[in-house]
Number of protein chains: 2
Amino acid sequence: MSKGPTKIGIAAVERETGLPKDTLRMWERRYGFPQPERDEHDERLYPADQVEKLRLLKRLVDQGMRPGKLIEASIETLGEMLQARQAQTIDCPDAASRCNSIVELLRLHRSEELRRTLQQTLLKQGLQAFVVETVAPLNTLIGNAWLRGEIQVPEEHLYTEQVQNLLRSAINAQGGGQRPRVLLTTFPDELHVLGLLMAEALLVSEGASCVSLGTQMPIANIDSAARAGDFDIVALSFSAAFPGRQAVDGLTQLRAALPDGVALWAGGRAIAGRRDAIPGVSIITDIRETLSALEAWRNANAA
Amino acid sequence: MSKGPTKIGIAAVERETGLPKDTLRMWERRYGFPQPERDEHDERLYPADQVEKLRLLKRLVDQGMRPGKLIEASIETLGEMLQARQAQTIDCPDAASRCNSIVELLRLHRSEELRRTLQQTLLKQGLQAFVVETVAPLNTLIGNAWLRGEIQVPEEHLYTEQVQNLLRSAINAQGGGQRPRVLLTTFPDELHVLGLLMAEALLVSEGASCVSLGTQMPIANIDSAARAGDFDIVALSFSAAFPGRQAVDGLTQLRAALPDGVALWAGGRAIAGRRDAIPGVSIITDIRETLSALEAWRNANAA
DNA sequence: AACCTTATTTGTCCAGGACAAAAGGAGCTC
DNA sequence: GAGCTCCTTTTGTCCTGGACAAATAAGGTT
């Protein structure tokens, strides 16, 4: 169980928590937390528990809470707040039990069985049902387990890889289709690719013609790519971890840049909560709505 | 042609070039470059050409050059140095012409034709030849075009997506096999996934049992995952953009953590140049060597 | 050439000050 | 009570200039 050094420097904390060095120093100056020790040359050394608390703080702050109100709370309290705020319930009990057993495989690192089980579920359900009734609830379940600290980075990556292989195979198997032409991507700070692949899978299986640029596309480039490729729709995906404000800002900016004839769709947990609609942007709260949005577009644009 | 603002702040420069704010200020203090303008509140505003030069500087410094020697050179000179240092030639003229036409499709955003062409090439060549004779030279070609500024972010992402779809389909199609069990991943700052997929494709097609954790896995987690999963080999991939020293450091650390019985393989442009061997780590200079390394392992471990 | 020692270069950290953008609240009107 | 404006507090980011250790180069000796 080789763990890293128990005390880490400020640069490492920035890497691990995503909090800039300046902010770390400022919080210390203002609130007295974190309170790192110092090494022989007076440089900050953060113990693991403080880093863990910082990680939780970051997530809550990204959700719109204010650091000043949170900073005194214990790690446990913060963990509960995160769960209360994020925990999603899975409606269908059938899906829940199926997914729970998959998470169990994941936790035990049974990678081969995991692959087989996912593969079989896909074959049995078909692509659309697989995305809606298996992948979506699994994402929620795994997100919750992650918050509770029940699964770690390697498990989460393993899951992502396996699902990615399946979805990409399925997408690849369906040849490119007709209208609408959809450009899929995410904003620069968004690394999660599954939302994008789920949407692409649904759209492609309804005969839409999709081009994905993967994650992390600068806004100016999204605009130029959309113009160059004669697209009807630009679709963006936001994971739960993505800061909501940044999403709204970016969408506003992109909407202003894009030609009027191009629709802009945005989906994912980060914006699902937002009540403030952005003019000219379609918010997709649930992955299922992707299909109705497609149908609506086709009705509106029937030549 | 909506381009972003022509002058950008220090945080944006850090994001775009990868140079920390502290370093940007230090270079300015020491060398007089960059020499950003200031906005009304005395904050640095970097013009686009300085940012471009910084981007080139970063790459050269990552390769081991020293900033003090480079800082006065012009953008053109720096570009030439980069090419002289990196530019790879593609040996086989047949592969070169095939790949050039693919790059042409990419540049024209002919995504559907690109998909079809790649798909057909894969079918014609078979998986192994496709990886070795098409994907590898294409990566080189596209890397060079990128250095010359001939292709942009969206093209590069589009290419990555398409190849990823193909390779993942192919990998997914081959069921999991026998020994050795190989764990594939990259270090935290490495985002490029193609090298990993290429290696996985080659290994799987020779019947090895591969588990990929995708990119960005912290070293401590690589170690624990390798122990938990009964792996024979841990394989890491490093793109040309990855700082060579960081690769060597990380490999040394990981080697020390891993049990002796587990082999450690490292491949990719970032370490291909390094002459300094790391004890207990197999350096794979060319993607083709993956196959001979596998054969060697099987010979050595024939029970 | 191989090795040790000394100089130089370079990146990262620190403190503490400043201020703008965002969020919260107070008071007002309809 | 919803919507509005104006004011206050909170918060993050940027600034300067100093310090120093780690990495690299250069010089000297065997």
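A: What follows goes through the interface and then turns to the ring pairs.

This is a predicted model. Start with the extent of the contact between the two chains. Chain A gives 38 residues and chain B gives 38 residues. Together they bury about 3,300 Å². Carbon and sulfur atoms account for 50% of that area. On the side of chain A, Glu161(A), Arg168(A) and Asn172(A) lose the most area to chain B. Those three make up 19% of what that side buries.

Next come the contacts that cross the interface. Two salt bridges link chain A and chain B. One of them joins Glu161(A) to Arg168(B). Their closest N and O atoms are 2.3 Å apart. That is within the 4 Å cut-off, so the pair counts as a salt bridge.

Helix 9 of chain A has the largest share, with eleven residues. By class, the side of chain A that touches chain B holds 13 nonpolar, 17 polar and eight charged residues.

Now the rings. Over all chains there are two aromatic pairs. In chain A, the partners are Phe187(A) and Phe238(A). Their ring centres lie 5.5 Å apart. Their planes meet at 75 degrees, so the pair is edge-to-face. Phe187(A) sits in the loop between strand 4 (178-185) and helix 10 (194-205) of chain A. Phe238(A) sits in the loop between strand 6 (233-237) and helix 12 (244-257) of chain A. The pair therefore ties together parts that are 51 residues apart in sequence. Phe187(A) is buried, at 3% relative accessibility. Phe238(A) is buried as well, at 1%.

Chain B has an edge-to-face pair too, made by Phe187(B) and Phe238(B). Here the values are 5.5 Å centre to centre and 75 degrees between the planes. Phe187(B) lies between strand 4 and helix 10 of chain B, and Phe238(B) between strand 6 and helix 12 of chain B, each in a loop. Phe187(B) has a relative accessible area of 3% and is buried. Phe238(B), at 1%, is also buried.

Notes:
Residues are numbered from 1 along each chain as its sequence is written. Chains are lettered from A and ligands numbered from 1 in the order in which they are written. This is a predicted model: local features need pLDDT of at least 70, side-chain atom pairs count only at pLDDT 80 or more; totals for chains, interfaces and linings use all residues. Side-chain values use heavy atoms; hydrogens and water are left out. Contact means heavy atoms within 4.5 Å. Buried area is the accessible area (1.4 Å probe) that two parts lose on being put together, summed over both. A salt bridge is a side-chain nitrogen of Lys or Arg within 4 Å of a carboxyl oxygen of Asp or Glu. Helices (H or I, at least four residues) and strands (E, at least two) are DSSP runs, numbered from the N terminus. Ala, Val, Leu, Ile, Met, Phe, Trp, Tyr, Cys and Pro count as nonpolar, Asp, Glu, Lys and Arg as charged, and the others, Gly among them, as polar. Rings of Phe, Tyr and Trp (its six-membered ring) pair if their centres lie within 6.5 Å; planes under 30 degrees apart count as stacked, over 60 as edge-to-face and the rest as tilted. Buried means under 20% relative accessible area, exposed over 50%, partly exposed in between (1.4 Å probe, protein chains only).
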